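Colleague: Could you take me through the aromatic side chains here, one by one? I'd like a close look at how they are placed.

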Amino acid sequence: MAQAAGSGGKGTGLAPNIASMLCYICMPITSIVFMLMEKENKDVQFHAWQGTVFGVGYIVVIVAIEILAALLGAMVGFLGVVIGLLVPVLGLIAFILWIICLVKAYQGERWKIPYIGDFAEKKAGLA
């Protein structure tokens, strides 16, 4: 089957903006899949790296806060509740970042999350 002009080439067979957006759909799973599949398009690689680091980082931070809240809740009840309230706040921030990443990737832009985006650029070979 012939590929359409502007498609992702040998890597995914998808248009780069679609492949980039899909990196964020179910991160870090989809971003790791695209990281392994796409070897040619640097923009898709960037979004795959950023989605992977964002997804894994979010999971690690939420688990660490939940553990800290449980430990502090067992020792000092009120402090554990206060720390536990960070989880929904961070969830809202992550949701907003996720939406921005989806939209910017679909528009073909390489929008960088602070710190994570710089790392993703280096790993994708753009910096």
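**A close look at the aromatic rings**

Modeller: Let's begin with Phe-95, which is partly exposed at a relative accessible area of 46%; buried means under 20%, exposed over 50% and partly exposed in between, with a 1.4 Å probe and protein chains only. Bear in mind that this is a predicted model, where local features need pLDDT of at least 70 and side-chain atom pairs pLDDT 80 or more, while totals for chains, interfaces and linings use all residues. Residues are numbered from 1 along each chain as its sequence is written, and side-chain values use heavy atoms, without hydrogens or water.

There are 2 aromatic pairs in the structure. In one, Trp-49 and Phe-119 have ring centres 6.1 Å apart and planes at 85°, so they meet edge-to-face (Phe, Tyr and Trp rings, the last by its six-membered ring, pair with centres within 6.5 Å; planes under 30 degrees apart are stacked, over 60 edge-to-face, the rest tilted). Because Trp-49 belongs to helix α3 and Phe-119 to helix α6 (residues 116-124), this pair ties together parts 70 residues apart in sequence; helices are DSSP runs of H or I with at least four residues, numbered from the N terminus. Trp-49 is partly exposed at 21%, and so is Phe-119 at 39%.

Phe-95 returns with Trp-98: their centres are 5.9 Å apart and their planes at 35°, so that pair is tilted. Both sit in helix α5 (residues 86-106), 3 residues or about one helical turn apart. Trp-98 is partly exposed too, at 24%.

Definitions and conventions:
Helices (H or I, at least four residues) and strands (E, at least two) are DSSP runs, numbered from the N terminus.
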